Amino acid sequence: MKKITWNRLLKPSAKGKRRWIFVLVLVFAVLSFLITGGAYYNQAASWTKEVTNNTINLPHVQENPFRLGLDLQGGTHLVYQADVSEVPEGGRGEALSGVRDVIERRVNVFGVSEPLVQVNRNASGDYRLIVELAGVTDIDEATEMIGDTPLLEFKQRPEDFVPGEIQSSEIEIQPETSSSATSTATTTTTTTTTIDLSEEDINSPIASIQDQATNYEDWENTKLSGKHLKRSVVQFNPTDNSPEVSLEFNKEGSDLFGQITEENIGSPIAIFLDGYIISAPRVNEKISGGQAVISGNFDLEEAKTLTQRLNAGALPVPINLLSQKTVGASLGAQSINTSLQAGILGLILVALFLIIYYRIPGLLAVLSLAIYGLTVLAIFKAMSIILALVMVTIIIGLMIYTFHDLKVFDSILSILLITIGIFLFIYALKPVTLTLSGIAGFILSIGMAVDANILIFERFKEELKSGKSLAQSIDEGFSRAWPSIRDGNISTIFICLVLMFFGTGSVQGFGTTLFIGISVSMFSAIVITRTFMLMVMSKYLNKKPWLMGISNKYSK
Amino acid sequence: MYKIIPLRKIWLSFSAVLVTLSIIAIAVWGLNFGLDFTGGSLLELKIHNQEVDAVQIKEALAPLKLSSLVVQPTENDTVLLRFQNSTEDIHKEVVGVLESSYGINDNNVEGEDLGSQASIEELRFDAVGPSIGEELKSKSINAIILVLIIIVIYISLVFKKVSKPVASWKYGIIAIIALFHDIVITLGVFAVLGEFMNLEINTPFVAAILTVLGYSVNDTIVVFDRIRENLPKQLDNFAKTVNRSVNQTVTRSINTSTTTLLVLLSILFLGGNSIKEFILALAIGALIGTYSSIFLASPLLVVWNDFVNKKIKD
C-alpha cells in the first residue's frame, strides 16, 4: 500500500504530473501575492485573529514598500560635472568614487531617505555625478547640502608663536588604535586646569568658528589638506560611550600627519574649513598609521557637525552643477493616482474582451495574467535571497520542463533562459525604482503578455476547427505559437538590454521594467496558461466548442 | 480571405503618402524639442495676491539679458518662465528681481495681515546644461541605431531556414523599412502636435520611440513567422502564400492592438497629465505598427520578389 503511494508520487502518470505542476503554480501564485500584497494579507490575518478570538493565529509576513522614483514622490535631481584635470588619468575612477562617498555622507547627515548618488562617464570622457534626493524640493537647500568644493586645511602654530590667553583646549587628538579607556582617563586629568577656557567653544562650535576666524593668520600652513583625508565618522568611546570623531588619512596623509603630530606634541593643531576653524585638538603624542580620534566632551550633535565638516573638506575633486530639476510631490502623486486608476480601468476592459472573445480560455488567461501581475510587482520589490532563489527557480524550472514537454527546447532557448534567470534573480534581490516611464514599461509588458495568450488561442482555435481533439489542439496551439512569441520577445529583450545598459535615467527604468515584464510574460503564457488549460480539459468541454471560443458547428 | 496582397498598390501608396506628409511636416515645422534636449531653464512660479502680467515680468527681467526668454501664464494661475541660461546664479537673480519688482521684502509691518501680502512661490525649477541635452540626443540616436542593427541581424538569423524564394536578410531589411515607416509617421504626428498644440519631445519620448520599435518588429515577426511556416508546404505561389499567411494572423494582430490600445487610450484620456505625451506616442506607434505589419511589410516582400523575378526574366 505504502509502496504504491510512493510510486505514484515519484513516477506520476501524465495526469499526475499535471496536478503536481498545477500545485506548484498555485504555490508560486501564493508566494507572489504574499510578497506583493503583504500588507493586505497582514490586515486579513489580524482580522481573522480578532474574529476567531485568537483561535486562528496566522503568522504575519514582511511588508516591503515599492521604491518610487523622483517623478512619483517628488524631489530634486542634480547633475554635477567633476573637474578631474588635476587628477592623473589612472586615478580618476577612484577619485570619483571618493567624491561619491563624500556626497553620500553629506546627504546622509541631512536624513534624506535612500539618496541616489551615481557616477557616470560619458563618451567624451567627462565624469558626471547624478544626485537624486527624494523628498527635497528646495533646490537651494539641496545644492547647499552638497555644496561646492570646500577647502580643508590642517594648520599648526608657528614656532615663534607667543601663547595668548586662549590656546589650550580640552579637545584632544590621539591614535585610533590606542586603548580608548586609558587615553580618555588621561584626557580628563590633564585638561582639568583649562576646562573653563574651552567650555564655551565646545558648547557652541558653530559660533566659535566665527569668533576664531580672525585667528586664521596666527596659524601656519602644513602640507596636510582635505585631499589626504579619506573619511571621518562619529563613533563612541567604548568606556563611557561619549561621542568621538575619527579621522582616517590616506597613505601620504598618514606620513604627513605623523610628522606634524610629532612636531606639535603638547600644542594644538587647527583644522580650517574654508578659512574657518572647525576644531583645534591638542596633540599628546605622535600619531602614525593614519588613524586618529578627536575626543573631548562633545555631545552627539556636535560630533556629527564636526564629522560633516571634515567630510565636506575631504572632497578630492571640484564639482560644478550642470543641471537641476525639481518635481513637486503633489504633482507626482496626483498624476500617479489618476494614471493608475486609468490603467486599472484599461486592464478591466482587456479582461472583459478576453473573456467575451475567447470564453473559457480567455478566463484562464485572465487568471494567468493576474498571477503575472503579482509576480512582476513582487520582483519590483526587494525580497530575501532565499525567496528570490525559490521564485526564480520555479520560473526557470517550469519553463524548461514545459519547453521539453512541447519539444521546442533548443540552444537559443537555453541562452535566453539563462539570461532571464540571472537578471530576474538580480532584480528580485534589489528594489526596482518605479518611475512614470517604468510603469509605462510595465503596462506595455502587460500588452505583450496578453499578445502571447492571443497568439496561442488563435492557433488553438485553428487546430480545434480543423477537427483535432482538445488535448491535441492545446498541444499544437502552444508549440506552433511559440516561435513567433519567441522571436517577438527576444527582439524586444534585445531592445530592453540596449536601454538598460546604454540609456539614461528614465529610459533605463523603462528598459528594466519592460525586461522583467517580458521575461515573466513568457512564463505566464507558456507555463501558467497551459497548466490551467490542461487542468480544465475534460470530455464535457470536448463536446462544447462554444465554451472554448469557436462556433458550435464544429461540435463533434 | 481579405485581398491584402492583391490590393497591395493601394496600401503601399497610402503608406507612401503618410510618410511623405510626415517628412514634410518634420521639415516645415521641425520637432518641438523640450528642455531635456535643448538645455536651458524652466521656472514655474505662483504669484500670490497680485495680478500676473507676462509683459510686466518680461520688462522686469530685461536687465538680466536672459537669452530667448519666454513668459507664459498657465491655466492654473502660475507663470512659466523659459530661458536658455542654466546656472544657479542666474536662477537666484531672476527670483530676486521678480521679488523686488513685485515689492516683496522681508520687512513685513508688524500686525499686518499676511494673507493679503504679495508673495512668490517657486513651484518648479528645472535647469539642464547645454552639454547634457546634446549628450542625450546623441545617446538616443546611438541607442536607436544599435537596436536597428540588432534587429536586422536577429531576423536574418532566425529566418535562415527560409531563404527561398526570398533571401532571409530581405526579411530583416523589410522589417527595418516597416520600423522606419512607423517612426517617421509617429515623429510626423508629433511635429504637427508640436506646432499646433505645443507638445514637447523630452526623454520619455525616446523610450516611447524605442517601444514602438519593439512593438512593430514584434508584429512584423508574427506575420513573417507564419509565412516561414507556410512556405515549405508549397501549396501556392509566393504571393498567394503570403496573402494566406497575413489572413491567418490578421485576427491576432487586430485583437492584440485592440487590447494594447484599450489600456493606452484609458490612460491617455483619463490618466495624469505628466505622461500623456508618452502614452500618445505609444498609441500612435502601436496603431501604425499594426498597420505596417499587415499592409506594408508583407506586400513589400511580394513586391521585392516580383522585382527580382522580373529581372531574371529580362
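How many residues of chain A are in contact with chain B? In this predicted model, 57 residues of chain A are in contact with 57 residues of chain B, contact meaning heavy atoms within 4.5 Å.

First, the conventions. Residues are numbered from 1 along each chain as its sequence is written, and chains are lettered from A and ligands numbered from 1 in the order in which they are written. As the model is predicted, local features need pLDDT of at least 70, side-chain atom pairs count only at pLDDT 80 or more, and totals for chains, interfaces and linings use all residues, while side-chain values use heavy atoms, with hydrogens and water left out.

Let me turn to area. The size of an interface is often given as the accessible area lost when the parts come together. Here chain A and chain B bury about 5,000 Å² between them, 65% of it on carbon and sulfur atoms; buried area is the accessible area (1.4 Å probe) that two parts lose on being put together, summed over both. On the side of chain A, the most area is lost to chain B by A:Gln324, A:Asp487 and A:Ile495, together 11% of what that side buries.

A:Asp487 also takes part in a salt bridge with the side chain of B:Arg228, at 3.0 Å from N to O. The count between the two chains is five salt bridges, each a side-chain nitrogen of Lys or Arg within 4 Å of a carboxyl oxygen of Asp or Glu.

Which element supplies the largest share of the side of chain A that touches chain B? That is α17(A), with 15 residues; helices are DSSP runs (H or I, at least four residues), numbered from the N terminus. Other elements that each supply at least two residues include α12 (329-358) and α16 (436-465) of chain A.

Next, the surface. A nonpolar patch of about 950 Å² includes A:Leu340, A:Ile356, B:Phe269 and B:Leu270. Patches take residues with over 30% relative accessible area and no salt bridge, nonpolar side chains (Val, Leu, Ile, Met, Phe, Trp, Tyr) being joined within 5 Å and like charges within 9 Å; the areas come from the Shrake-Rupley method with a 1.4 Å probe, and for residues only the protein chains shown count as cover. The largest share of this patch, seven residues, comes from α12(A), and B:Leu270 lies in helix α8 of chain B.

Finally, B:Ile144 lies in helix α5 (residues 130-158) of chain B. Leaving aside residues up to four places away in sequence, B:Ile144 touches B:Ile209, B:Leu210 and B:Leu213.
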